[in-house]
Amino acid sequence: MKSYSVSEKQWAEILHKALSHYGIFAPVSKESTVDYEEITEKKIDQIFYDSIKPTTPLKAFFFPIKENVVAAKKQTPRLILGVPACDLAAIDLLDKIFLDKDFLDIYYQENRENTIVFGKDCYSFNKSCHCTAYGLNPYPEKNCDVGMSHSDGKFFLTPFSEKGEAFLKEAGIASSAREKLPSNVEAKRQSTTDGLKKQNKDIPDGKATRIGIEKENEELWKKYAAACVSCGACAAICPTCHCFLLIDKKNFEKIKNWDTCQYPAFERVAAGEDPLKKLYNRLKNRYLCKFVHKPDMFGEIACTGCGRCIDACIGKINKNEIIIEACK
């Protein structure tokens, strides 16, 4: 695919102008973390384009932690910059769930349509990153409006959608000549991909993982569940987890609120029956959901290898260690 190139200074000027029409969210570095923040004119120079991945997954913009689903909303169009490929891949599943014509979530739909997504290249990775284990590459290939590559003081912008092309035209970028990505960008992409594949060579792919976790192996799940505190961080930070509650409030408000199968009583029903009462059953169910139930229902595994669940786990449970052991 061909791209447009702009200097860092030109891109900053484009963002300054865009602030009059769009809300802009982008990764900003804070101490030891990088996460999305709403960008003001003063923060444009603080955007961190070369981060591995923001702490917050992209899903939080389309499927917020809490959302009033009966109140009228007026939204400003948004630009979201710096979205890694692992989060972009998660959109395949989320769209199938929330945009199903028979069960359409109009709030998710509105959030999607109101947003221009800029995917980004990853030129480095940490120990928990394992997108290549599931056939993904660490750079934008789908589900974004514009792909961004950054090298030698320039941005290379690749439109993936009509919405992305329209923004670039509006910004005056699309009037310049299209060109192939430079060889140094391609080389950095390949280097990251090769490094990830080497790091994750022992992690089973989705099909092998399914076979492993479907085995009757109660002792395995008890072993790892011994460190679990049912905090739900793994689901909250996951780009594909999508369970929620609808909570009735006074004045006829109805709030959609994230939920997770790792919470006690998640599946408790009338008379107190709870098929996931035991913690090790809840832990196994999380993996069955990702590698068995979701592929059966939607044709997608519900893991993109972002590694956030490993990073966030209070009990230091390593998802990849579980899968490798389950597949032996």
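This is a predicted model: local features need pLDDT of at least 70, side-chain atom pairs count only at pLDDT 80 or more; totals for chains, interfaces and linings use all residues.
Local features need pLDDT of at least 70 and side-chain atom pairs count only at pLDDT 80 or more, while totals for chains, interfaces and linings use all residues. Residues are numbered from 1 along each chain as its sequence is written, and side-chain values use heavy atoms, with hydrogens and water left out.

**Exercise 1.** Give the strand order of the open sheet and state which strands stand at the edges.

Solution. Strands are DSSP runs of E with at least two residues, and helices are runs of H or I with at least four, both numbered from the N terminus. Two strands pair if DSSP finds at least two bridges between them. The open sheet has eight strands in the order S3-S2-S5-S6-S7-S8-S1-S9, with mixed pairing. Strand S3 (33–38) and strand S9 (179–180) each have a single partner strand, so one side of each lacks a neighbour in the sheet.

**Exercise 2.** Follow the pairing from S3 to S8 and state the sense of each pair.

Solution. 
- Step 1: S2 and S3 pair antiparallel over six bridges, with Ser29 opposite Val34 in S3. Their hairpin has two residues between the strands, and Glu31 takes a positive phi near 50 degrees.
- Step 2: S2 runs parallel to S5, joined by three bridges; Gly23 stands opposite Arg78 in S5.
- Step 3: S5 (residues 78–83) and S6 (residues 115–120) run parallel with four bridges, and Val83 faces Gly119 in S6.
- Step 4: S6 and S7 are parallel over three bridges; Lys120 is opposite Met148 in S7.
- Step 5: S7 and S8 are antiparallel over six bridges, and Ser149 has Phe156 in S8 as its bridge partner. Asp152, in the turn of this two-residue hairpin, has a positive phi of about 50 degrees.

**Exercise 3.** Determine how far S7 is covered and which way its residues point.

Solution. Buried means under 20% relative accessible area, exposed over 50%, and partly exposed in between (1.4 Å probe, protein chains only). Six of the six residues of S7 are buried. Val146, Met148 and His150 point one way, and Gly147, Ser149 and Ser151 the other. In a regular strand the side chains alternate between the two faces of the sheet. For S2, six of its eight residues are buried.
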